[in-house]
Amino acid sequence: MPIAFNEPLSFLQRITEYMEHVYLIHRASCQPQPLERMQSVAAFAVSAVASQWERTGKPFNPLLGETYELVREDLGFRFISEQVSHHPPISAFHSEGLNHDFLFHGSIYPKLKFWGKSVEAEPRGTITLELLKHNEAYTWTNPTCCVHNVIIGKLWIEQYGTVEILNHRTGHKCVLHFKPCGLFGKELHKVEGHIQDKNKKKLFVIYGKWTECLWGIDPVSYESFKKQERRGDHLRKAKLDDSSGKADSDVADDVPVTQETVQVIPGSKLLWRINTRPPNSAQIWPARRRSGWRRNREKHGGSGPGRRQSGRRGGSTQAITPTLGPPTGCMQGITLSGISPTAQISTEGLEGPGAQDRRLTRLDFLEWPL
């Protein structure tokens, strides 16, 4: 794959973005009831993938034995990740609260599948959260991520699949359904699920979008609202049936139109809302990735971006990792590696003024040296 599809971050650093909304873990540790703790843990599990919204660049694969360490005293946690296997690539991470209130650890083995026009990443591996005060352990697996139009067209991303969060001490389980886009894009980014006890009785319903917010309500009120909504859908069905369906195209998948924000059911409880990104975050990397790569090739007369390397061989090297992606609040740290010399990649031309996005065609793949 051309380097234009990569984001200038190591995958080990990208994992630290799980901790952007770490306040949800602190909240869960302070709540007395297991149902309330499960609500906060479920919100944290959804918030962990929220940073992938509009992040279509692939992080670089870490070297075997490479580590990344991050300490955030303002947010109350320390974090370390390491590449523990090269083939298959497996990244392990461990985090703990500075007040010794939680442990968060796991491993991720992203299984990539290429479907012609899209790339699907299945994040295999179990994630575990331990609330030490309550002697509880929660486990889950992240949903599947899919990037569309990797050959031609505008890139867009979606998450889908079922996530089950299990409290191993009390038996409570939260089942979250990350819905696929659907035919008309009506279900894009939506998340729906429920919390049940060990007897499989529904105690709480969760709904929202993984790109915006998450709400919760009791099951009776939720079902009552859905019945009223279905009555109104009969009036809109005639209009939808008259419209033509989406044609199967071999060129590109149309980017679905984002629907209105989450419709809040009266009596709902806000569980989580995404942090606002800086206003210039879209201009830092994703929008100018391809055009900057093309200009850099023409400027240097070569087949790839200009590159400068510096460092010393052997031993342990320390390098500040440059961050060009959208800031998330957890993007400050040090990369440690005792395997290869420190490399500082020149990013000149990647974000110059007047850069405009372009469509990447199959000719670009032919021009890229193997």
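Which residues of α2 are buried? In this predicted model, the buried residues of α2 are Leu24, Ile25, His26, Ala28 and Ser29, where buried denotes under 20% relative accessible area, exposed over 50% and partly exposed the range in between (1.4 Å probe, protein chains only). Residues are numbered from 1 along each chain as its sequence is written, and side-chain values use heavy atoms, with hydrogens and water left out. Because the model is predicted, local features need pLDDT of at least 70 and side-chain atom pairs count only at pLDDT 80 or more, whereas totals for chains, interfaces and linings use all residues.

The protein chain contains seven helices and 18 strands; these are DSSP runs numbered from the N terminus, helices being H or I with at least four residues and strands E with at least two. Of its 370 residues, 47% count as buried. Among contacts (heavy atoms within 4.5 Å) between residues at least 6 apart in sequence, 61% join residues at least 24 apart.

The buried residues of α2 pack against α3, β6, β8 (127–131) and β16 (269–273). The packing of two helices is described by the angle between their axes and the distance between the axes. For α2 and α3, the angle is about 170 degrees and the axes are 8 Å apart, the axes being lines fitted to C-alpha atoms, for helices over the stretch in contact, with angles running from 0 to 180 degrees between N-to-C directions. Angles under 35 degrees count as roughly parallel, over 145 as roughly antiparallel, 65 to 115 as roughly perpendicular and the rest as oblique; α2 and α3 are therefore roughly antiparallel to each other. On the α2 side, the contact involves Leu24, Ile25, Arg27 and Ala28, and these meet Arg37, Ser40, Val41, Ala43, Phe44 and Ser47 of α3. By class, six of the residues in this contact are nonpolar, two polar and two charged. In this classification Ala, Val, Leu, Ile, Met, Phe, Trp, Tyr, Cys and Pro are nonpolar, Asp, Glu, Lys and Arg are charged, and the others, Gly among them, are polar.

A nonpolar core is a set of buried Ala, Val, Leu, Ile, Met, Phe, Trp, Tyr and Cys residues joined through side-chain atoms within 4.5 Å. The largest such core comprises 45 residues, of which Phe104, Trp140, Ile165 and Leu176 touch the most other members. Helix α3 (residues 34–47) supplies the largest share of this core, with seven residues. A second, separate core has nine residues, including Val205, Tyr207, Cys213 and Phe225. Beyond its neighbours within four places in sequence, Phe104 is in contact with Tyr18, Met19, Phe44, Phe93, His94, Ser95, Ile127, Thr128, Leu129 and Trp140.

Aromatic pairing was assigned to rings of Phe, Tyr and Trp (its six-membered ring) with centres within 6.5 Å; planes under 30 degrees apart count as stacked, over 60 as edge-to-face and the rest as tilted. By this rule there are seven aromatic pairs. Tyr18 and Phe93 form an edge-to-face pair, 6.0 Å centre to centre and with 85 degrees between the planes. Tyr18 lies in the loop between α1 (11–15) and α2 (23–30) and Phe93 in strand β5, so this pair ties together parts that are 75 residues apart in sequence. Both Tyr18 and Phe93 are buried. The rings of Phe79 and Phe93 have centres 5.8 Å apart and planes at 10 degrees, so the pair is stacked. Ring pairs link Tyr18, Phe44, Phe79, Phe93, Phe104 and Trp140 into a cluster.

Most residues other than glycine have a negative phi, and most peptide bonds are trans. The peptide bond from His87 to Pro88 is cis, with omega near 0 degrees; Pro88 lies in the loop between β4 (77–85) and β5 (90–97). Two histidines have a positive phi. His100, in the loop between β5 and β6, has a phi of about 55 degrees and is exposed at 59% relative accessibility. His189, in the loop between β12 (173–178) and β13 (190–196), has a phi of about 70 degrees but is buried, with a relative accessible area of 7%.
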